[in-house]
Amino acid sequence: MSSILFLQSVVGLIVVLYPANGNSAVAESGKAALAKSKNQSSLKKDGPPVTSEVTIDKKSGNRPPEKERKKDAPPQRMQFDDQNRVGKAKRRALVNQTEAKNRVELFRHLPQYDHGSQLPNLESKLFQLDSVHPAVFKVGLRYMAGDISGVNARCTEMLRALQEAIIDYSTPPEKVLIRELTAKISSYISFINECRPLSISMGNAIRFVKRRIAKLPLSHTDVEAKTALCSDIDRFINEKIIIADKVIVGHASTKVRDGDVLLTYGLSCVVEMILLSAHDVGKKFRVVVVDSRPKLESQALLNRLIAKGLSCTYTHINAVSYIMHEVTKVFLGASAVLSNGTVLSRVGTACIAMVAHAFSVPVLICCEAFKFHERVLLDSICCNEIGDPGALATVPGRMDINYLENWTNEENLQLLNLMYDVTPSDYVSVIVTDHGMIPPTSVPVIVREYGQEHYLI
């Protein structure tokens, strides 16, 4: 026989049945559930919302605040197919860019300008732009003219120009140097970006300069602050570029053996240093220099190697599959190494790496750690730079075969001159950095451990 217990609660009449001579645990559990329902209903009605322990743990963890995560995230790149943003950018721009006539539709999100009239228009404003420091203006002119090539050279020249601008800067009355100088640097960077899009390594260097400005003590005078900033820029150039290249040369030279046939592509200063260093210590090897149009920049590397007495073979990229069976190692430079292990480098690098992988030839990427970035790329379309399409239409010294001389008059013809491509990590054997030789899967470790504090400061 069972007894019936009637309990009145806020949710209505609840009936709990339990045996008279049985265990009372069921009744106790029923009371506990009833009390819990009362508490929850009263909290919902009168008090603040219920917060579970799991939620509290998540909020009290060691994760950085949302504002800090947004601050450290890479800035969103300008999409040139957005008419509103492009219109605002043009109104603020110091360089009057003329859009190309025959733009490639697939790459409309990238800037495509007429390369013929940019430089003369900018040179005519040499003494008219008071908002741009002369050193920054000269560097922008050299970027646009193509006189400065190579990621390390572009980054170094930019930092030197910013250094001169910082030395000549004077804080306006009743203004704070930290805020005013940061805004001034941003305007200089915008001008440089208009002359030629910034590389990823240049973006890292700019972040370094702005962080150093933000960490200047307020007790410093203007002279002390500018002296400290110039010293930090000198240290960045010396440690992250000059010394880093020497460390990479020391690591990569150990991989060169007597009798090797080393293949390289493009014009990489650190790869050139590796080859010359291995030759200076007496190692006997041959170099295959691969080149491609329209820049044919490997010819400069070939001339310097031959002048030093190295045995070289020169070929174009269309014949790389015919000579790869002789190659024992491939040394390549990089413009940037991204967080997923992909390599952003001179267009054609991915082709070289894929052919080498098909022939089971190891591919060594030589790249300084300041070129590492937390961005992820899966293709060469989203983030790239478009060069002068007219360079593809002409062949220097061969006027008899320049059939595309007036190609801009053809509405249905578009020429695409991409500057970079993306090499997947599957085709990279090892990345030689100033932190040692690492596999592509270890790139996020370098970015995480050295990207925030140790590497940028």
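Is glutamate 374 buried, partly exposed or exposed? In this predicted model, in which local features require pLDDT of at least 70 and side-chain atom pairs count only at pLDDT 80 or more, totals for chains, interfaces and linings use all residues. Residues are numbered from 1 along each chain as its sequence is written, and side-chain values use heavy atoms, with hydrogens and water left out.

Glutamate 374 is partly exposed, with a relative accessible area of 25% (buried means under 20%, exposed over 50%, and partly exposed in between, with a 1.4 Å probe and protein chains only). Glutamate 374 forms a salt bridge with arginine 207, the closest N and O atoms being 3.3 Å apart; a salt bridge is taken as a side-chain nitrogen of Lys or Arg within 4 Å of a carboxyl oxygen of Asp or Glu. Because glutamate 374 lies in the loop between β10 (372-373) and α15, and arginine 207 in helix α9 (residues 200-214), the pair ties together parts that are 167 residues apart in sequence. Helices (H or I, at least four residues) and strands (E, at least two) are DSSP runs, numbered from the N terminus.

The count of salt bridges comes to 11. One of these joins aspartate 234 to arginine 160, with 2.6 Å between the closest N and O atoms. This pair links distant parts of the chain, aspartate 234 in helix α10 and arginine 160 in helix α7 (residues 151-168), 74 residues apart. Both partners are partly exposed, aspartate 234 at 35% relative accessibility and arginine 160 at 33%. Arginine 286 and glutamate 326 form a further salt bridge, with closest N and O atoms 3.0 Å apart. Arginine 286 belongs to strand β4 (residues 285-291) and glutamate 326 to the loop between α13 (320-323) and β6 (329-333), so the contact ties together parts 40 residues apart in sequence.

Helix α10 (residues 222-253) comprises 32 residues and should span 46 Å at 1.5 Å a residue, in agreement with the 45 Å between its end C-alpha atoms; the expected span is 1.5 Å times one less than the number of residues. Helix α10 bends by about 35° at alanine 244, the bend being the angle between axes fitted to the seven residues ending there and the seven starting there.

The structure holds zero disulfides (pairs of cysteine sulfur atoms within 2.5 Å). Cysteine 155 is buried at 0% relative accessibility, and cysteine 195 is buried at 8%.
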